[in-house]
Amino acid sequence: MKREMTGAKMVVQALKDQGVDTIFGYPGGAALPIYDEIFQQNDIRHILVRHEQGAVHAAEGYARSTGKVGVVLVTSGPGATNTVTGLTDALLDSIPILVITAQVPTFLIGSDAFQEADTVGITRPCTKHNWLVKDTDALSGVIHEAFHVATHGRPGPVLIDLPKDVQFATGNYEPPKPSTSHYQPRVKGDMEEITELVAAIEKAKRPVFYTGGGVINSGPAASQLLTELVDATGIPVTSTLMGLGAYPASGKNWLGMLGMHGLYEANLAMHGCDLMINIGARFDDRITGRIDAFSPKSIKAHIDIDPSSINKVIKTDIPIVGDVAHVLEDILKVWKSRGRKTDAEALVKWHRQIDEWRKVNCLAYKPSETSIKPQYALERLEALTKDRKDRFITTEVGQHQMWAAQFLGFEQPNHWMTSGGLGTMGYGFPASIGVQMGNPDALVINVAGEASWLMNMQEMGTAVQYRLPVKQFILNNERLGMVRQWQELLHGERYSQSWSEALPDFVKLAEAFGAKGILCKDPKDLDDAIMEMINHDGPVIFDCLVEKHENCLPMIPSGKAHNEILLGDAQTQGAIDTKGSVLV
Amino acid sequence: MNALQIKKGATKHSAYNLRPTFSEIEERHTLAVLVENEPGVLARVIGLFSGRGYNIESLTVAEVDHTGHLSRITIVTKGTPQVIEQIKAQLGRIIPVHEVHDLTVEGPSVERELAMMKVVCGGDKRVEALRLADIFRANVVDTTLHSFIFELTGAPEKIDAFADLMRPLGLSELARTGVAALSRGE
Ligand SMILES: Cc1cc2nc3c(=O)[nH]c(=O)nc-3n(C[C@H](O)[C@H](O)[C@H](O)COP(=O)(O)OP(=O)(O)OC[C@H]3O[C@@H](n4cnc5c(N)ncnc54)[C@H](O)[C@@H]3O)c2cc1C
Ligand SMILES: Cc1ncc(C[n+]2csc(CCOP(=O)(O)OP(=O)(O)O)c2C)c(N)n1
């Protein structure tokens, strides 16, 4: 069935037909026809952010917490360029979002018109794909294709640039239909390779699952299948920052996060294993450390939907291209049909070895009665919120982010939102807004550093306007803490520009926006203050003054091997050699 | 696709051919990339090479299937086997890319390039230039009393060789199309 309508109306119609009920955006001249259509309907709720970067991060938080596509609408020129950081963030973390940018009319393109920018040119390297639509008849097809591309294969951000005359013109609208796109990435793994992996599992003496964001991307079924496979085989499992929650933190085979700031036992298990099964992770440099010393004695299997992830960094012995859920289902089937075998005796020994590593208690820190240790703040936050199944955590970027990953336990997928690949300070607050929009009754907490939080603090206006009770839990060390830590380890304690000077009074700041502010500086008051934050029905800025020069440990310095990990009581001076210091 | 006589794409093969080869020696590969002929597609391919630091020795592009709106991009690149694998996988990720073929590994193939050379000379050199052109089967497509333009088709090495010979005779301008390539047989 074909219908005539304007391009602007088509945008709204196509979004509705794709099941979109929430979009994040900011209007401007070139986008006005679409905004006019939004005004005249009630099915799609538009959240007016305070900066377009905020809209994109909010859409990312919405997408990651709901499994749906996050949608953003902005105007041409500055509206479009303000989305670039968010698009790059979503590209690196494989988050499905659609950004619709308005553009100057087609007949002005190329004339340096008012608020003209080459949006598709600028965003080509930071989107999975983008389109400039010059013909209203083609518009609905492009929007449906954009949803298809964003969600199939390795998910990612897509962008549609829409000139104003195309919004005004009328054309034929076509509703979504089964995709005829040539883009149909393969989801089933090759059975020969899967069988080879199962045979390796049966024989392995020191196997480990190394899981990542791809498990979350694959959907909740993948997490369930992973948990089943891990628990049935008794193989220990670690995860990247992006994959936390895919296997429950309370599970008996859980090793904790691995990598630069990962747990000692997780990193040593990776270093010493004889079979590494990578499921939807991409051998990021935060994980591998020194490549030639990375898990030298293991057979490596890698399950990934994106062939370019395989052999990009680490050479793989058993490559399996496919979707995590599909592949795990087949692995379980084959493993069961072959008699559910593992080398049980060897696994007992392996777990005993891991328990020895656990005894190091790598997250131990010196407690204090007078100042709040950031680790303590997170331990208390965990203790007071962990029973809530509806708890969602977002983070900013820095030490607090790593401590959150270490000290908070995630039982389910899609409840942890953080900027991993790009490491975007300013991500967490708008992301928490997006999460709350997607989960209106949930407890949404953004674990923040004061410096990161200030990068998108204007979104307080959004939180208050839409009565979004997001909790901004700021671990305020008055430092760009992670930078300061590197300067301590790497640059002779010369703290160049890593101070947060002239900080606002966060309580007054909250009040200025019409929200609640809480200040806490005494460990004895912490529990009550956290409860006050949780129980307040509205947005809260929680200014938690913490120890200023605490280091985030363990840490594998850049350019070092997994077994050269620094622990809490280790001597950190001169830990990174000059070769490592050129790495980031 | 049949009309184009192209075998099933390397991007659709089993992941077995993603198995690493451990060589660190750089190899020259000729890739044929079939893309949807839409605006910006060449920018995507070139952006991929520059953004990820891959080499382009030669790149040619033209529409080859008008009804299907498909263009064929022929890229000659250089890298270790691991880098070549990455280049192919990364090309395969570009949404308008339909197929990626590595002509260097998919069996024997032929490569041709067209070049035009302006040679400015007189006297004996003129005679010598014509004699060499004859040996290389280059055509004269323009002539004045003091110059020729030769047109020459062949493998890139043949064009290099002819240009080397023309240089002392007065080669003043050289235009090359870059490599077009097809696999041999069916
Ligand atoms: C300050 C800071 C410190 C950090 N320290 C650490 C650290 O100590 N430890 C750590 O782990 N990270 C750390 N990170 C994060 C790190 O930079 C990377 O973002 C992260 O390790 C990548 O996670 P991943 O490998 O799971 O990949 P992701 O980026 O989540 O990629 C997912 C992979 O899965 C694949 N995939 C996607 N969908 C599917 C599907 N359906 N089926 C199959 N495969 C799929 C993709 O192709 C991709 O290869 C840190 C970040 C910051 C900012
Ligand atoms: C947009 C951006 N700019 C700079 C950086 C580099 N950087 C990483 S962590 C960090 C300091 C973060 O400080 P804060 O938010 O207070 O967190 P803390 O490390 O103190 O917990 C900086 C500047 C970044 N990741 N993102």
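How do the residues of the shell around ligand 1 divide into nonpolar, polar and charged? I counted 13 nonpolar, 17 polar and seven charged, taking Ala, Val, Leu, Ile, Met, Phe, Trp, Tyr, Cys and Pro as nonpolar, Asp, Glu, Lys and Arg as charged, and the others, Gly among them, as polar.

Before going on, I note that this is a predicted model, in which local features need pLDDT of at least 70 and side-chain atom pairs count only at pLDDT 80 or more, while totals for chains, interfaces and linings use all residues. Residues are numbered from 1 along each chain as its sequence is written, chains are lettered from A and ligands numbered from 1 in the order in which they are written, and side-chain values use heavy atoms, without hydrogens and water.

Ligand 1: I found 37 residues around ligand 1 (a heavy atom within 4 Å), the closest being Gly213(A), Thr240(A), His261(A), Arg282(A) and Asp304(A). For polar contacts (pairs of N or O atoms within 3.5 Å), I noted an oxygen atom of the ligand 2.7 Å from a side-chain N or O atom of Thr240(A), and one 2.6 Å from a side-chain N or O atom of Asp304(A). At Gly420(A) a backbone N or O atom lies 2.9 Å from a ligand oxygen. I then looked up the cover, and the protein takes up 96% of the 990 Å² of accessible area that ligand 1 has on its own (Shrake-Rupley method, 1.4 Å probe). Helix H10(A) gives the largest share of the shell, three residues (helices are DSSP runs of H or I, at least four residues).

Notes: A polar contact is a pair of N or O atoms within 3.5 Å; within protein, one must be able to donate a hydrogen and the other to accept it, and residues adjacent in sequence count only if both atoms are side-chain atoms. Helices (H or I, at least four residues) and strands (E, at least two) are DSSP runs, numbered from the N terminus.
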